[in-house]
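Subject: The structure, with notes

Hi,

Here is the structure I promised to pass on. Please open it alongside this message, and my notes follow below.

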Amino acid sequence: MNISEDIAGWFTANDFDRQTPLAANGKGQHALIIAAQQARPDLVGYLLENGADLSILDAYGNNALWAACFAECGACIDLLIRAGINIDYQNPSGATALTYAASSGKHTVVAQLLQAGANPLLITQDDFSALDLAASRACLQLLRQAMKV
């Protein structure tokens, strides 16, 4: 792996082994999820180019797409989707990244996920859809429109 000084420094600062950056750190965290959570498309791209596993999960059972949605990082979201991450992955409670984004009022993320093909009909274990949990008018309108198609 050809590592720039910036990327190498990031691995060190986040407790990852520079020799095996795709392995979890001592805290059980994965670089792809942390990079997405920190809105670092440069690192997300680097990790994807070097074989990062798209199926890894954080301690709460969420994938890297969820972390990118948390950060509202459109570039990270796009990289992960183009790499083939499961856009409709449901965490242990049945929530998807779309459900999270809608329930957090992140309308630009909701729009991006819907445009990429996220399924607005999936429900949580508590029988709620992204539409049911929409926290803003903008999210509600986007989801209503998506369900009419």
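Let me start with a side-chain pair: Arg40 and Asp6 are joined by a polar contact of 2.9 Å. By polar contact I mean a pair of N or O atoms within 3.5 Å; within protein, one must be able to donate a hydrogen and the other to accept it, and residues adjacent in sequence count only if both atoms are side-chain atoms. Arg40 sits in the loop between helix 2 and helix 3. Beyond its neighbours within four places in sequence, Arg40 is in contact (heavy atoms within 4.5 Å) with Asp6, Trp10, Ala35 and Cys76.

Before going further, a word on how to read this. This is a predicted model, in which local features need pLDDT of at least 70 and side-chain atom pairs count only at pLDDT 80 or more, while totals for chains, interfaces and linings use all residues. Residues are numbered from 1 along each chain as its sequence is written, and side-chain values use heavy atoms, with hydrogens and water left out.

On the overall fold, the protein has nine helices and zero strands. Helices (H or I, at least four residues) and strands (E, at least two) are DSSP runs, numbered from the N terminus. The radius of gyration, taken over C-alpha atoms, is 16 Å, close to the 15 Å that the globule rule gives for 149 residues, so the protein is as compact as a globular protein of that length. That rule is 2.2 Å times the number of residues to the power 0.38. The C-alpha trace spans about 50 × 25 × 20 Å along its principal axes. Of the 149 residues, 41% count as buried; here buried means under 20% relative accessible area, exposed over 50%, and partly exposed in between (1.4 Å probe, protein chains only).

Helix 5 (residues 74-83) is worth a look. Cys76, Ile77 and Leu80 are buried there. They lie on the same side of helix 5, because they cover an arc of only 100° around the axis, judged by the directions from the helix axis to the C-beta atoms. The buried residues of helix 5 pack against helix 2, helix 3, helix 4 (64-71) and helix 7. Among the residues that Leu80 touches, not counting those up to four places away in sequence, are Leu32, Val44, Leu54 and Ile85. After helix 5 comes Gly84, with a positive phi near 105°.

Two other backbone spots may interest you. Most residues other than glycine have a negative phi. Ala39, however, has a positive phi of about 55°; Ala39 lies in the loop between helix 2 (31-37) and helix 3 (41-49) and is partly exposed, at 33% relative accessible area. Asp127 also has a positive phi, near 70°. Asp127 belongs to the loop between helix 7 (107-115) and helix 8 (130-133) and is exposed, with a relative accessible area of 53%.

Best wishes
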